[in-house]
Structures are given as structure tokens and as C-alpha cells.
Amino acid sequence: MLLLDHLSKAYGRSTVRAVKDLSLQIEDGEFIALLGSSGCGKTSTLRMIAGFEAATEGSITLAGRRIDGLPPAQRRVAMAFEGYALYPPLTVEDNIGFGLAAKPGFDPRQRVRELADLLEIGPILKRKPAGLSGGQQQRASLARALARDAELHLLDEPMGQLEPQLRAILRGRVKALTKARGLTSVLVTHDQTEANAMADRIAVMEGGVLQQYGTPTELREQPANLFVATFFGEPPMNALPAVVGNSGLILDGDDNTHASLPGVTLPPLGTPVVLGLRPHAITLGQGDWAATVISNRWLGDEAHVALDMGGRLIVVVAHHRIAARTGSVIPLGFAPRDLHLFDAKTGQALMHGVQTLSSQTSFTERKSGP
Amino acid sequence: MAQADMLWRGLRGVALTLVVVFFLFPIFWIVLMSFETNETVLQVPPTLTPHLTLQNYVALLSGKLNTATGIINITFLHNLWNSVLLSTCSVLVALILGVPAAYAFARFRFRGGEDIAFTLLSFRFAPPLLVLLPLTLYFQDIGLSNTYVGLIWIYQLICLPLILWIVRGYFEDASPDIEYAYRVDGHSWWKAFTKIAIPLAGPGIAAAALLSFIFAWNNFVFALVLASADKQPVTVGALAFVTASGIQYGIIAAAIVLSILPTLALALYAQRWLVEGLSLGAVKG
């Protein structure tokens, strides 16, 4: 188990914190992802865990040992580097097997071969890093990290240089391998698809602050704040500023579009809020609102439609073709169970998925479904 | 097309020849002079087919020079030995001090770090004469004047900044991640420094060592002021050939030829190694 307790990092004498008061718990055998844009503090966090940077405040405990004062050599962690960091004079094979000692019942060469097969680098095992492509070096670096018997495996953007198809295949294989061997892993990535596909839990970071730590489903269905709601999910959630009116929400803008939500307990009258609606949650062709189609593209399995509603951009994803031409005005709406409300000032979530009489049925249906 | 090609090649040949003649003619001239007697050197107009002789080399190696005013003792071989000793020891000391310092400046940001590095570089800005007078007085006070230790110490003004700044650049170019990977694999900081950082910066260290060796070897003014005859390197020792009976051009030429041989040999030897190291470095990453 890895425990980060109120971890902070300041560089030099600067008062700006690259990581602010971060507390995380990672169970044995769990695969978690630190997700965020560049400069969000995820790599600083990883480097503090590995021991390349000293934590300014807080503690790191791994498998019951305080490790934040130990040199990297004694932390029992393995790491795949974003910049590969392979040993230049050694072959890929020797890089992967570096420092692995043969024990009864354990043959390092066997493990190297297995990892080479898994990551499809068998043909380059005898070659040196200098002559390899970025993608090959990256897989060699990942294999080297996964070959280690460590308490914790740190993977810093381990697949950034790979082709999309290969990346998709390897995600599943690496995840399966970590589960089969019971490896505790921390993945650092800016790619939410990768985090989604591999991680049991995702820690979303922004500005050095942990925004939310939860399963991919929790992040999608119950985002803790507006940042997570708009960052996580593709295409991003539609965020519509509004104020609470008498019988629903009044959207900001020239036309004062109304979202009537009868029977819903809303925040006090006049509260400024942000209405969050996932592109999948908006239905086209029926509803109280009307908007002008800006673009309508069928991507083979889903339709992406961009609409203009009184100056607001709304993106809708539908699973069937939408017969609407650019420039035409079509109705649209949403079910109250799909809405998210955020405090306009703090961005904190106020409510997720209101249950009304009409949506209650479908809500319970979904719960009891397969 | 073919004609333009020929013309281009011809012009290039001419340009290359000019450059080679410009740089190599003085050396050719010196080598030629070293095999001539002082009389033929000073002959006007010079002969194109001079009578070549080994007498300059014989005089240098035997230590006895016959001139019109009598026999002069030459300490050339001892001077050559002094040069080897001073340059080698200075470079070694500068490597021992400079490489870890360069690593520190490259890897760690610490208070005043840039200022210290720049101060060390600034030794190269100041004219040596600026510091020589106070140094002479200090050295006499603390008993370092006319000692090898004192000279090697002063030679650090030449060698240390060169090594520090060149090697620092090489350390900065190498990604620290390889060292981190090695440390995560269970090795100490010191092991990562000696087994990973230094070999990766090897070509840079070799280049810096070679350069500072040449600079130390060619130094004149420090040794002139701070050393007496028995500690002087060849650069200062050559002054002995400006004798009462005239300037011994032939001897000076022979001395120059002999004194560039060690640096030339070192450069040729290191060049092979440098090219290998640098081409390995060029494709890494």
C-alpha cells in the first residue's frame, strides 16, 4: 500500500507549490492513474515517490515503511521514464534484465522473453538503444520497469510515443500483466483514454491540487467540480451558466432560455450556477429548447453535432444518424436525471442527476439492469 | 552541367589548397629551418635546396651548443620534462577538481552556484599579468615561488575554467534520467556518478582535458615570472637560445619541432577516441 500524506512540493525558495497538500491511498495490487494537463503536478508527485525530488512537506509510506527520507536505491520502486533513460552501452535485452538475479524458480531470461513478447520487442532484444525508434525505446523502458520485482511500479507516460493501434493493444496487455502479478502501479498520463482503459482509480490533478480521486465511473457520473466535469469525458461536458429561477433554471444569455424542472429541489432562488450536460445526455429532435445546427458529422459509430443556442455552443453526441442540415433549427432537450449542477463561484458540484417522477422509472430501471 | 560541376570542383580544390598552405606553411618552414644551420637560415636570398643537417637536434639532445663565443649548456630536455610534468599534473588536478564541480553546477541549483561558476570562468578574462605581481609576492611569502606545486596551482587558472565549463555542458546535455534509472535499480548516487554520468560525458571530458593540456603546455608568462631555470617549461626555456652571439634560429626551430611533438601525438591519439565517442553521442537519445 502506498500512502501519500499531505504531500507538498515547492521548487527552490519559491512559495509557489507544484504540488499542494496531496493525500492519496493506493491499495496493494491497485493500478491508479495521475491524470492532468502538463504542469499539473503529476510528474512532480511521481518524482517525489521515486526519490528524485525531496518532498517539501508531508510523508510517503510504502508497504508500511516511511520512504520519503530514503535514497531512490532503497525505496524498492521501479520506474518507466518518459524519456526512456535506457543504458546506452547495453542491449535492449540487458537493459530489461539489468540487475535481475537468478533465483531458484526464477529465470531472469525467461521474464525478459515474456515481457519482450508482451510488448512486441522480441526482434530488437539484441540491439542497442541508440539505433532504435522512440516507440521501441519506450517499450524497452516500460519492459525494464515491469521486469523489476518492486513494491511499486511508476509509469511516466509510458506509451506516449507509440502508434495509436499498438497503444490500444498494449494498454490491455500491460493492465492484465500488472493484475496477474499483483503489481501496485501508478501511471502518469495526460491521456484520459489511457487512464480510463488502464486505471482502477484515477486521481485528477490541476494546478498542483488533487481535484478528485475515484473510479472512472465516479468521475464520469459524479464529478466533484466543474474542472473534473469538463476535463474528463470526450467530447467535454457542455457547461451552461444559469441562475436558479422560479420553476427551474434560466440560462444566461440574450434569449434567457428556460430549463423548467418541475418538482426538483433546486438551490435558493437567484443562485448563480453552471448547468453541466454531457454531449451524450442531450437528445435532439425533441425537447423545450431550440438551436441552430453548426455542423453535423457522422463518425461511423456516432454523430457529433455542434449547435448554436442563442450564442452558446452546444455539442451533442448521438448514437444514430441525425438528419439535420447545417443552418436548420431543431429542438433539443435533456432528462433531469442527466444534469449536473455546479456552484458558479466555487465550481463545486451541487447535485448530480435529479430524480423526477418521469425520470425515476428510468433511473431505477438502469440500476436493476444488467 | 558536367562542366559546371568540374568548375565547382576546381574552385573548391583551389580554396582548400589555399587554406592548407596558409595553415601548414609555417610548420613546414619551421621543420625545414630545424634542419638548417643558422647561416643558411639567415642567407638572403634563401636557397631552395639548402644543405640539411641534424646538428640542431644533436645540440639539443646532447645539451651542448657550439657558438662563436664558446660552448653553451642547453637544458632543453630538462625543460621538456618540466613541460610534461607541469601540464600533466595540472590537467590531472583540474580534472579531479573540475569534473565533480561541473557535475554539481550542471545537476544542482544552489545558492550562488551561477556566481561561483562565472567567477571561475572570469579567471580566463583577466590578463595574466594583472594577477602576476601580487601572486609573486604572495608566493615568496608562503614559500611557493619556484616550486612545482606552486606552478601547478597557478596553472589551474588556465585548466580549471576550461574543464569546468566544457564538461558542465556535456553533463547538462545528458539526461539525468539515466542516472535516476540506475539509482532506482539499487545504486548509490556515487555509483550513478562514476558509472553513468562520467562515461556518458567521456568525450567531453577528453576534449576538455586535451584543450587544457595544450593551453597549459603553451603557457609562457606564468612560468617566466614564477619559476627559475630548473623549473621552466620549454616555452620559457627557448629564451636561452637568444644568446649573446645572436639568435639561434636553427636551434629554436628544432626546439619547437620537438616541443610540439608531444601535443601533436596526444591530439592524434585522442582524436581517434574523440571521433568515436562523439559519433556514439550523436546518435544517442
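1. In this predicted model, domain 1 and domain 2 of chain A bury about 1,100 Å² between them, and 69% of that area lies on carbon and sulfur atoms. On the side of domain 1 of chain A, the residues that lose the most area to domain 2 of chain A are Gln192(A), Arg220(A) and Pro223(A), which together make up 51% of what that side buries.

2. The extent of the two domains should be kept in mind when reading this interface. The domain assignment of chain A places domain 1 at 2–223 and domain 2 at 228–368. Their C-alpha centres lie 37 Å apart. In the contact itself, 15 residues of domain 1 of chain A meet 12 residues of domain 2 of chain A.

3. Which kinds of interaction cross the interface of domain 1 and domain 2 of chain A? The rule finds 0 salt bridges there, but it does find 4 residue pairs in polar contact, with both residues at pLDDT 80 or more.

4. Four elements of chain A each supply at least two residues to the side of domain 1 that touches domain 2: helix H6 (192–198), strand E9 (201–206), strand E10 (209–214) and helix H7 (216–221). H7(A) gives the most, with 4 residues. By class, this side of domain 1 of chain A has 6 nonpolar, 7 polar and 2 charged residues.

5. The area buried between chain A and chain B is about 1,500 Å², and carbon and sulfur atoms give 64% of it. Phe52(A), Ala73(A) and Tyr87(A) supply 28% of the area that chain A buries against chain B, more than any other three residues.

6. Across the interface of chain A and chain B, the rule finds 2 salt bridges. One of them joins the side chains of Arg148(A) and Asp185(B), at 2.6 Å from N to O. The count of residue pairs in polar contact between chain A and chain B is 5, again with both residues at pLDDT 80 or more.

Definitions and conventions:
Residues numbered from 1 in each chain as written. Chains lettered and ligands numbered in written order. Predicted model: local features only at pLDDT ≥ 70, side-chain atom pairs only at ≥ 80, totals over all residues. Heavy atoms only, no water. Domains from an automatic or database assignment. Contact = heavy atoms within 4.5 Å. Buried area = accessible area lost by both parts, 1.4 Å probe. Salt bridge = Lys/Arg side-chain N within 4 Å of Asp/Glu carboxyl O. Polar contact = N/O pair within 3.5 Å; in protein donor to acceptor, adjacent residues only side chain to side chain. Nonpolar A, V, L, I, M, F, W, Y, C, P; charged D, E, K, R; others polar.
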